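Subject: Structure for you to look at

Hello,

Here is the structure I promised. Please open it first, then read my notes below.

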Amino acid sequence: MHVLTYDYAKPTDEQVERMQRVRDAAKVFDEVLERELPAGPDKTWAIRNHRTTAMWANVAITRQPDGSPRT
């Protein structure tokens with residue numbers, strides 16, 4: 001794992017815009033999950049994992065494949 005993997009990578013203005021588009025799309029899908037899935041542990045699991053995926057998608061915008069910050 002790259003030495004900077006756990007460091008904060010301040011996003012550029014362009015990355016912030018990309019991250020917002022990812023968050024907006026994630027919110028739309030969350031609304032579908034909330035509306036369409038029946039209550040229960042599977043719904044909870046699906047929504048929690050979707051939140052995790054959305055978070056890591058934003059991290060990916062600011063990182064190189066080796067974990068180092070994008071410039």
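Contact here means heavy atoms within 4.5 Å. Helices are DSSP runs of H or I with at least four residues, numbered from the N terminus. This is a predicted model: local features need pLDDT of at least 70, side-chain atom pairs count only at pLDDT 80 or more, and totals for chains, interfaces and linings use all residues. Residues are numbered from 1 along each chain as its sequence is written, and side-chain values use heavy atoms, with hydrogens and water left out.

Start with helix 1, residues 13-36. Buried means under 20% relative accessible area, exposed over 50%, and partly exposed in between (1.4 Å probe, protein chains only).

Now helix 2, residues 41-62. T62 belongs to this helix. Is T62 buried or exposed? T62 counts as buried, because its relative accessibility is 6%. Which residues does T62 touch, leaving aside neighbours within four places in sequence? They are A9, P11, Q15, M19, S68, P69 and R70.

N49 is also in helix 2. N49 has 30% relative accessibility, so N49 counts as partly exposed. N49 and E17 are 32 residues apart in sequence. In space, their C-alpha atoms are 23 Å apart.

Best wishes

Definitions and conventions. Helices (H or I, at least four residues) and strands (E, at least two) are DSSP runs, numbered from the N terminus.
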